[in-house]
Amino acid sequence: MAIMHVSACLAGRFQPRSSAAGTAFFPDFLPREVEKIRDLPAREMAKRIQRLPVQVSFSESSILSSCVMPVVQSRSRPLVLLHSFDSSCLEWRYAYPLLESYGLEAWALDVLGWGFSDLEPLPPSSLTVAAKREHLYQFWRSYIKRPMILVGPSLGAAVAIDFATHYPEAVSKFILIGASVYAEGTGDLAKLPRPVAYAGVSLLKTKPLRLYASYLANNGAPIQTIIENANIGSLHCLLPWWEDATVDFMASGGYKVSSQIEKVKNKTLIIWGKEDRIVNSNIALRLHRDLPDSVLHQIPDCGHLPHVEKPDVTAQTILKFVRSVDLC
C-alpha cells in the first residue's frame with residue numbers, strides 16, 4: 001500500500017518523453033542521449049526511473065531523488081541496491097528484472113551526487129560523504145521504513161558500511177559485490193586546488209577513459225558490449241551539476257571505511273568475480289576473514305561487476321541468501 005501511495009503521488013510529477021521512433025518513453029529529466037541507447041534492459045529500466053522528494057538538513061528544499069521503485073512489497077526484507085563509483089541505478093539493468101521475477105522487493109537507488117537526482121537546488125560544496133549518508137537515511141526513513149538488506153557493489157560497498165555504522169537500525173543484512181572497502185578515500189586528490197580538480201574531473205567523462213573503465217570492468221566482453229556499457233554508464237555525466245558533485249566528493253576525502261569493517265556484525269553475503277581486474281579477488285578472502293558472519297561466493301570467468309556480467313548467477317545467489325536469512 002505504501003508503494004502504491006507513493007506512485008499515485010508521483011503521477012504527473014514528470015512528463016514522459018518519446019524517442020524519435022516513438023517506441024519508448026523516458027522521463028524528461030534524463031539526458032536526451034538515453035534515446036540512443038540500444039540495450040533493451042537499459043531502456044526498460046530507464047523508463048522506470050522516478051524522482052522522489054527527500055528532505056535533508058543541508059538543503060532548504062527537498063531533493064528530487066532518482067530511483068527505481070518496486071512494483072509491490074514482499075514479506076522478505078527489502079533489497080536496496082546501490083551502485084559503484086560515478087554510476088547510476090542503470091547498473092542493475094540486467095539483475096533487477098530477475099530479482100523482481102523472484103518476488104523480491106528491490107529498490108535501485110542513485111547515491112546522492114551520481115545518477116539522475118536533481119542537484120540544482122543544493123548549495124555549493126555540499127555533496128560530501130556525510131551528505132550522501134544523510135540523504136540515504138532520509139530516503140530510507142521516508143519510503144522504505146523497514147530494516148533493509150543493503151547491497152553495495154564496488155565503492156557502493158563502502159557507502160553501505162559507512163551508512164550502517166551510523167544508522168544500524170536501518171540495515172538488517174549486507175550483500176557486498178566486488179567491494180572496494182580498503183582504499184583510503186580519494187587521497188591526495190582531496191588536496192588539489194579546485195581549478196585543477198575540475199580539469200581532472202572533466203577527463204572522467206571523456207569517451208576514451210570511459211571505454212577503458214568499461215574494458216577493465218568486463219571480463220573478455222566483445223567490443224560492442226564495452227562501448228554500450230560505457231555509453232550507459234556515462235549518461236548521468238551529461239547532467240549540468242555532475243562536475244560540481246564529483247569535485248565536491250573528491251574534496252571531501254571520499255570513503256575511508258577500513259577501520260569500520262570490524263564493527264560490522266550483520267550477516268553478509270560477499271560476491272566476487274574471480275577475474276576482477278579492478279579489485280583483486282584476493283581482497284575477497286581478506287574481507288571474508290574480517291567479517292565473522294559472512295558467506296563468500298566467487299563467480300568464475302567474471303569481472304568486477306557480476307550483476308552486469310553474470311546477472312543470472314548473481315540474482316540466484318542473492319535469492320538464495322535472502323531466503324536463508326528469512327528462515328533465521
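This is a predicted model: local features need pLDDT of at least 70, side-chain atom pairs count only at pLDDT 80 or more; totals for chains, interfaces and linings use all residues.

Which residues in H12 are buried? I found Pro311, Thr314, Ala315, Thr317, Ile318, Leu319, Phe321, Val322 and Val325 to be buried in H12. By buried I mean under 20% relative accessible area, with exposed over 50% and partly exposed in between (1.4 Å probe, protein chains only).

Residues are numbered from 1 along each chain as its sequence is written, and side-chain values use heavy atoms, with hydrogens and water left out.

**Entry: helix spans**

I use DSSP runs for the elements, numbered from the N terminus: helices are H or I with at least four residues, strands are E with at least two. H12 covers residues 311–326, which is 16 residues. From first C-alpha to last, H12 reaches 22 Å, close to the 22 Å expected at 1.5 Å a residue. That expected span is 1.5 Å times one less than the number of residues.

I then checked H4, which also has 16 residues. H4 reaches 21 Å between its first and last C-alpha, close to the expected 22 Å. Of its 16 residues, 13 are buried, so H4 is largely enclosed by the rest of the structure.

**Entry: H4 against H5**

How do H4 and H5 cross? I see the axes of H4 (residues 129–144) and H5 (residues 155–166) come within 10 Å and cross at roughly 70°. For axes I take lines fitted to C-alpha atoms, for helices over the stretch in contact, with angles from 0 to 180 degrees between N-to-C directions. H4 and H5 are therefore roughly perpendicular to each other. The classes are these: under 35 degrees is roughly parallel, over 145 roughly antiparallel, 65 to 115 roughly perpendicular, and the rest oblique.

On the H4 side, Val129, Arg133, Leu136 and Tyr137 make the contact, and on the H5 side Asp162, Phe163 and His166 do. Contact here means heavy atoms within 4.5 Å. By class I noted four nonpolar, one polar and two charged residues in the contact of H4 with H5. Nonpolar covers Ala, Val, Leu, Ile, Met, Phe, Trp, Tyr, Cys and Pro, charged covers Asp, Glu, Lys and Arg, and the others, Gly among them, are polar.

I looked again at Asp162, which sits in H5. Asp162 is buried at a relative accessible area of 4%. Setting aside neighbours within four places in sequence, Asp162 is in contact with Val129, Arg133, Tyr255, Val257 and Gln260.

H6 (residues 194–204) and H9 (residues 242–252) pack at about 120°, with axes 9 Å apart. That makes H6 oblique to H9.

Next came H7 (residues 207–217) and H8 (residues 223–234), which pack at about 115° with their axes 8 Å apart. I noted Lys207, Arg210, Leu211, Ser214 and Tyr215 of H7 in this contact, with Ile226, Ile227, Asn229, Ala230, Asn231, Gly233 and Ser234 of H8. The contact of H7 with H8 divides into five nonpolar, five polar and two charged residues.

**Entry: positive phi**

Most residues other than glycine have a negative phi. I found that Lys145, not a glycine, has a positive phi of about 65°. Lys145 lies in the loop between H4 and S7. Is Lys145 buried or exposed? Lys145 is exposed, at 55% relative accessible area.

Ser154, not a glycine either, has a positive phi of about 55°. Ser154 is in the loop between S7 and H5, and at 9% relative accessibility it counts as buried.

**Entry: two buried residues**

Gly152 is in strand S7 (residues 148–153) and is buried, with a relative accessible area of 0%. Leaving out neighbours within four places in sequence, I list Leu82, Ala157, Ile175, Leu176 and Ile177 as its contacts. The C-alpha atoms of Gly152 and Gly178 are 8.6 Å apart, across 26 residues of chain.

Met45 is in helix H2 (residues 40–48) and is buried at 5%. Not counting residues up to four places away in sequence, Met45 touches Val68, Cys89, Leu90, Trp92, Arg93, Tyr96 and Ala108.
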